[in-house]
Every structure is written in structure tokens, then in C-alpha cells.
Amino acid sequence: MSTPTPTDLEQYQRDGYAVARGLFSPEECAQLRDHYMDLRARGSYPGDTAGVDIGSADPLKRFPRMIHMHRWDETSLHWLLDPRLGAWMTGLLGEEPYAVQTMLYFKPPGARGQALHQDQFYLWAQPGTCMAAWLALDACDEENGCLQVVPGSGNLPVLCTRTADTQISFTDITVEVPEGLPVRPVRMEAGDVLFFNGSLIHGSYPNTSQERFRRALIGHYVTGNAEKVSPFYHPVLRMDGSIVELGDSQRGGRCGEWVERDGQPVVEMAGSF
């Protein structure tokens, strides 16, 4: 079974992310694409707060994201707990994680992206952090809105948020990135999985292609030493599918603000949620 190499581990510890190339086969990706397109065409589901409006001019209302599918869909649960994901995360984290969420982003042609953010702002795992396994179901690049990441930001605390431009982002909050810090695209083929920790600043730009979807299946996890997670993410599962009881965490306290020290941007815990 594929596991992270020393180079993968070095990148994850330095940059906050690593890519497992070809972790899932083209055939598996095709089956998953068909499965979720079929589910989306059938209507709405528990937790599917956006609903579906097939007559809307907004592509994201015709194909809204799906959330927590593993709670009612066996295919999603099976994927969330896949041993290949578990082996990679255990290798990167040094311990087996707990599973808390599935998401499916369709991102059809013309769809808005998602402003730069940190997942830990939402999951609020305590202690430790969260982790994402982001499976590309389609080849993705800048044209169809691949993920963009800020290398090295995986070592930051949770940052204070600002209002996002909802003309280009379907979410309304973002975090600042000082001028000079790189925001880099992560180009992926179908079957590649991007693993990244909860502090990594990431997001995506709009899908400017004419006919290319950028479908992605995402699992969210928390580190195995976590004792609490935000209530939205319960029940928490071990990688064998059994339930583990964690407490409820609440957002609050201090958040990081960018300041300049000796001509360089650094983060100080200067704000609050």
C-alpha cells in the first residue's frame, strides 16, 4: 500500500501539504463522478442546505456542493474510511486520524471559487488540528479552478477573517495574505489526493473554462490526539468506522493578524473571534 516517502513528509512538515499522485485509479474516479452526478440530479439530501435550482443562472445553484454524504450514502462512507487515505494520513501525522466530514464540490464551468481560508477556523479541533484529503475527480488546473495554496502557512495559527468578494467566491469570508507571499496552484490529475493540515491557507479562483467541471471529493479528519471538535462535525469516526466520543469545541479567543517586523510579514495574536 502506498505511503508517504521521506520527501513527502518533509514537504508536509515544511509547507503544510503533500500530494499522493495516482492514489485512486481513473476507473474509480469515473465511478465516483457518475455516482455523485446521479445523486445531485435526484434532488436534495440531509445537510444539503444549498438545495438545487436547475433553472438558476448561477452554476453553483444548479450544482451546489454536498456535505456529510457519508451519514447517508454508503459509497461516501466507504471512501472516507479508505485504507489508502488512512495510511497516508497516519504516515504524515504519526498517528491515525479520526474522520468527521465528507464534501463533494462540483464546480461546473462558470462557477465561482472559494476565497482563501483555513479549515481549522471551521473544525476547531482541540488540541491538534484538522486535516483534509482532497481527491481530484477531474484533472484540474488554473482554467477550471484548481486549488491554490500558500506554502508554509501550515505552520501558522488561525488567522482573523475579513469579508470576501462574493462576486468571485461563494463564501463571504477570507484571510489576508501579505504581498510577497506566494499563492501557488496545485495542478492535479484525476486520482491524485492533496493532503493538507488545518492551518494551510488555501482556496480557488473561478472556473473560467467553457465545458470542464472541477469535481472534487473531500474528507475532513482531526488528529488522533484531539479531544474536541466543533459540534457540526459529530459523530466522529475511527478509521474502522466505530464512533469515538469527543467533546464539543467552540470558536473563540485570539486569532492571528499580520504585522511587519524588520521588513518582513509575521503573525501576532492580536485579534479575537
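Here is a walk through a predicted model, going from its pockets to one helix and then to a group of aromatic rings.

Let's start with empty space. Rolling a probe the size of a water molecule over the atoms shows where such space is left. The largest pocket comes out at about 760 Å³. It has 40 lining residues, and those closest to its centre are Arg 65, Met 103, Tyr 105, Gln 114 and Phe 170.

By class, the second pocket's lining has six nonpolar, seven polar and one charged residues.

Now over to helix 1, residues 6–15. Asp 8, Tyr 12 and Asp 15 are its buried residues. Because they span an arc of only 95 degrees around the axis, they sit on the same side of helix 1. What do the buried residues of helix 1 pack against? Their partners are strand 1 (17–20), helix 5 (83–93), strand 5 and strand 10 (193–197). Pro 6, Thr 7 and Gln 13 are exposed, on the face turned away from the buried side.

Last stop, the rings. A pair of aromatic rings is described by the distance of the centres and the angle of the planes. The model has seven aromatic pairs. Phe 63 and Phe 106 have ring centres 5.9 Å apart and planes at 45 degrees, so this pair is tilted. The two residues are 43 apart in the chain, with Phe 63 in the loop between helix 3 and strand 2 (66–67) and Phe 106 in the loop between strand 3 and strand 4. Phe 106 is buried at 1% relative accessible area, while Phe 63, at 22%, counts as partly exposed.

Phe 63 also pairs with Phe 213, edge-to-face this time, at 5.2 Å centre to centre and 85 degrees between the planes. That link reaches across 150 residues, to the loop between strand 11 and strand 12. Phe 213 has a relative accessible area of 18%, so it counts as buried. Put together, ring pairs join Phe 63, Phe 106 and Phe 213 into a cluster.

Key:
Residues numbered from 1 in each chain as written. Predicted model: local features only at pLDDT ≥ 70, side-chain atom pairs only at ≥ 80, totals over all residues. Heavy atoms only, no water. 1 Å grid on protein atoms, 1.4 Å probe; cavity = no way out; pocket = protein on both sides within 12 Å on 5 of 7 lines; lining within 4 Å. Points joined across faces, edges and corners; volume = space filled by probe spheres on them. Nonpolar A, V, L, I, M, F, W, Y, C, P; charged D, E, K, R; others polar. Buried < 20%, exposed > 50% of the residue type's maximum accessible area, 1.4 Å probe, protein only. Helix = DSSP H or I, 4+ residues; strand = E, 2+ residues; numbered from the N terminus. Arc of directions from axis to C-beta. Contact = heavy atoms within 4.5 Å. Phe/Tyr/Trp six-rings, centres within 6.5 Å; stacked < 30°, edge-to-face > 60°.
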